[in-house]
Amino acid sequence: MSNEGFLRRWARLKSTGGAAEAVAEAPPAAPAPAAPAPVAVPASATHQDEAGAARRPLPTLADAARLTPDADFSAFVAKGVDKSVQRLALKKLFADPHFNAIDGLDMYMNDYNKAAPLPPGMLASLKHAPGVLNRLLDDQQKAVEAAGAAQAAEAAEAAEVAEAAEAAVAIDTAAVAEPAEQAPPSTRQGNA
């Protein structure tokens, strides 16, 4: 470890790309184990595999129609197979009931647009609901009417106060408008 701090070392390595430090800090490499000698594959064997693959005919729609769920589907998904043949083979594969099992965890599989019928016990317990709802709605209606009456009373009281204030302003205005009796002029000797 060098004596410089972490941040200085990091900045130095970042500016130089870290190549020099990586070479300096890398431990000596262990000698690589000898690679095993390649197994000689006769050229004729590889050529036969390639030729066999080339000679093997591509599957057709008739082959796909004869498939069963336990057949080998690998030939139908290989390169070069017609897309319609692939689709038919995959359709045959996924028609197997094994792949059509619903796991029960899919919450959106059911049709929730159709209402399930209510059991008779639940219907019987809901017979009282209209009476309760009517009483609740009547109580709310009475509360709304009482609140409306209270607001009307407050508005009427505010109107009376406003009228009284206007009357008082009118009286004050009238008193200012009329000339008051003038006091006799004062003399030096005082009022006589």
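The following dialogue concerns how features of one predicted protein model are assigned.

Colleague: How many helices and strands does the protein chain have, and how are they assigned?

Modeller: Helices (H or I, at least four residues) and strands (E, at least two) are DSSP runs, numbered from the N terminus. The protein chain has seven helices and zero strands, and the order from the N terminus is α-α-α-α-α-α-α.

Colleague: Why is Phe-76 called buried?

Modeller: Buried means under 20% relative accessible area, exposed over 50%, and partly exposed in between (1.4 Å probe, protein chains only). Phe-76 has a relative accessible area of 6%, and therefore counts as buried. Phe-76 is placed in the loop between helix H4 (61-65) and H5. Across the protein chain, buried residues make up 7% of the 192 residues.

Colleague: Which residues does Phe-76 contact, beyond its neighbours within four places in sequence?

Modeller: Contact means heavy atoms within 4.5 Å. On that basis Phe-76 is in contact with Pro-59, Thr-60, Asp-63, Ala-64, Leu-67, Val-81, Val-85, Gln-86 and Ala-89, with neighbours within four places left aside. Between Phe-76 and Ala-64, 12 residues apart in sequence, the C-alpha to C-alpha distance is 7.8 Å.

Colleague: Is Gln-86 buried or exposed?

Modeller: Gln-86 is at 14% relative accessibility, which is under 20%, so Gln-86 counts as buried. Gln-86 lies in helix H5 and touches Phe-76, Val-77, Ala-78 and Val-81, residues up to four places away not being counted.

Colleague: What makes a set of residues a nonpolar core?

Modeller: The term denotes a set of buried Ala, Val, Leu, Ile, Met, Phe, Trp, Tyr and Cys residues joined through side-chain atoms within 4.5 Å. The largest such core has eight residues: Ala-64, Leu-67, Phe-73, Phe-76, Val-81, Val-85, Ala-89 and Leu-93. Helix H5 gives the most to this core, with three residues. Leu-93 also touches Phe-73 and Phe-99, not counting residues up to four places away in sequence.

Colleague: Why is the pair of Phe-94 and Phe-99 called edge-to-face?

Modeller: Rings of Phe, Tyr and Trp (its six-membered ring) pair if their centres lie within 6.5 Å; planes under 30 degrees apart count as stacked, over 60 as edge-to-face and the rest as tilted. The structure holds one aromatic pair. For Phe-94 and Phe-99, the centres are 5.2 Å apart and the planes stand at 75°, so the pair is edge-to-face. Phe-94 lies in helix H5 (residues 83-94).

Colleague: How do you know that Phe-94 and Phe-99 are partly exposed?

Modeller: Phe-94 is at 44% relative accessibility and Phe-99 has a relative accessible area of 41%. Both values fall between 20% and 50%, so Phe-94 and Phe-99 count as partly exposed.

Colleague: What makes a group of residues a nonpolar patch?

Modeller: Patches are made of residues with over 30% relative accessible area and no salt bridge: like charges are joined within 9 Å, nonpolar side chains (Val, Leu, Ile, Met, Phe, Trp, Tyr) within 5 Å. Val-77, Leu-90, Phe-94 and Phe-99 form such a patch on the surface, with about 360 Å² of accessible area together.

Colleague: How do you know that Arg-12 and Glu-4 form a salt bridge?

Modeller: A salt bridge is a side-chain nitrogen of Lys or Arg within 4 Å of a carboxyl oxygen of Asp or Glu. The closest N and O atoms of Arg-12 and Glu-4 are 2.5 Å apart, so the pair forms a salt bridge. Arg-12 is partly exposed at 31%, as is Glu-4 at 29%. The structure holds two salt bridges, and one of them joins Asp-63 and Arg-66 at 2.3 Å, N to O. Asp-63 counts as partly exposed at 27% relative accessibility, whereas Arg-66 is exposed at 60%.

Colleague: Why is helix H1 described as lying largely in the open?

Modeller: Of the 11 residues of helix H1 (residues 6-16), the number buried is one, so H1 lies largely in the open. Gly-17 follows H1 and has a positive phi, near 90°.

How values were computed: Residues numbered from 1 in each chain as written. Predicted model: local features only at pLDDT ≥ 70, side-chain atom pairs only at ≥ 80, totals over all residues. Heavy atoms only, no water. Areas by Shrake-Rupley, 256 points an atom, 1.4 Å probe, with all protein chains shown as cover.
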